[in-house]
Amino acid sequence: MFSFFRKKPPSPPPAVPAPEVPPTAPAGPAAEATPAVSPAPAERKGWLDKLKQGLRKTGNSIATVFTGTQIDEALYEDLETALLMADSGVKATEFLLNDLKARVKESKTTDPAAVKGLLADAIADLLEPLQKPLVIGEHKPTVIMVAGVNGAGKTTSIGKLTRHLADSGATVLLAAADTFRAAAREQLAVWATRAEGNGEGAGGSVDIITQQGGDPAAVSFDAVTAGKARGRDVVLVDTAGRLPTQLHLMEELRKIKRVVQKAEATAPHEVLLVIDGNTGQNALAQVRAFHEALGLTGLIITKLDGTAKGGVICAIARENPLPVYFIGVGEKLEDLETFSAREFAQALLA
Ligand SMILES: Nc1nc2c(ncn2[C@@H]2O[C@H](COP(=O)(O)OP(=O)(O)OP(=O)(O)O)[C@@H](O)[C@H]2O)c(=O)[nH]1
Ligand SMILES: [Mg+2]
């Protein structure tokens, strides 16, 4: 049922350019498109178990709230504390509590265990607008720029995504715009080689544009130009990690985006922020700062294996909703998956 991303044929250019998404705009409905890759349900289940396992640290504290025998003010107070401890933030916590109370009233339940199910519904509904597939194929190449703080998991996620794209037959060009570290290029090259050599025959080709010590914007420009000339399906731009407070580095990101736009007027088609799931409430500040600098189109949330702060997605949904295209629960290829609001809600309370 879940495809890793969606392929969409190119559409004629619109007469009027689409307006930019404002910072607080909710994610739109999923685009009509043909599923490209459908992992077998068994695979999805194995992955879901991993997500549950990963979020156990977050979920344990929330689930214990419902082990009592009564639905009273003490239960709601404990739940409020548990949600705040899980980094759901004040606004989302307040929203969920009010929503839950309304659901409890309507269902007339007297069983705390049933309240847990109602909370899962409330969380799933809150997260629903973030569930949206990444669409490729509408533009050739589809240019995806990836940013985030140091060590968030950008290069690893790009590597995994590249592998999934190549496995489904797409041709990918990687721009190693992290020109500071020699290791960054090598890290990408390892994933590129893995992507090509999977032995399954259907793999699309992957290559890398880089320029050690060069200007990240120039590398990105070259990559998009080469991607157009070579007829690649996707160009992925990996950028160096940076803090939103490093203003010159944030300006550098803006420059990369501007220059990509010069190489291809409609690009970048996606600007993704990678967030470490352990970041907690600071993730919101990151979303705001990067969104202001770049106009984000989506998020990838990594390291949801073993975090006690998984509630932060609720805070993002309430305060700065952007599509969560993928989530990561480990370092291996199969540890990157699409985001499902209901699965996440269930894993959070497991
Ligand atoms: N446990 C876990 N580790 C992850 C996940 N994603 C990435 N990592 C690890 O996090 C570390 C940093 O990942 P990178 O992909 O290099 O992060 P980056 O954002 O590219 O880092 P910089 O380019 O230095 O800013 C590596 O050790 C990855 O293996 C994940 O979902 N779970
Ligand atoms: Mg990196």
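Of the contacts in the protein with a separation of 6 or more, 81% are between residues 24 or more positions apart; two residues are in contact if their C-beta atoms, placed from the backbone, lie within 7 Å. This is a predicted model, in which local features need pLDDT of at least 70 and side-chain atom pairs count only at pLDDT 80 or more, while totals for chains, interfaces and linings use all residues. Residues are numbered from 1 along each chain as its sequence is written, and chains are lettered from A and ligands numbered from 1 in the order in which they are written.

The protein has twelve helices and eleven strands, taken as DSSP runs numbered from the N terminus (helices are H or I with at least four residues, strands E with at least two). Buried residues make up 47% of its 350 residues. A residue is buried if 20 or more other C-beta atoms lie within 10 Å of its own, exposed if 12 or fewer, and partly exposed in between, with C-beta atoms placed from the backbone.

Eight strands form an open sheet with mixed pairing, in the order 6-5-7-4-8-9-10-11. Strand 6 (206-209) and strand 11 (336-338) are the edge strands, each pairing on one side only. Two strands pair if DSSP finds at least two bridges between them.

Within this sheet, strand 4 (residues 142-147) runs parallel to strand 8 and is joined to it by four bridges; Ala 147 has Leu 273 of strand 8 as its bridge partner. Strand 8 (residues 270-276) is in turn joined to strand 9 by five bridges, again parallel, and Ile 275 stands opposite Ile 301 in strand 9. Right-handed here means that, with the strands pointing away from the viewer, the path from the first strand over the helix to the second runs clockwise.

Strand 9 (residues 298-302) has four of its five residues buried. Three bridges pair strand 9 with strand 10 (residues 324-328) in the parallel sense, with Ile 300 opposite Phe 326. Helix 11 (residues 312-319) carries the chain from strand 9 to strand 10, and this β-α-β crossover is also right-handed.
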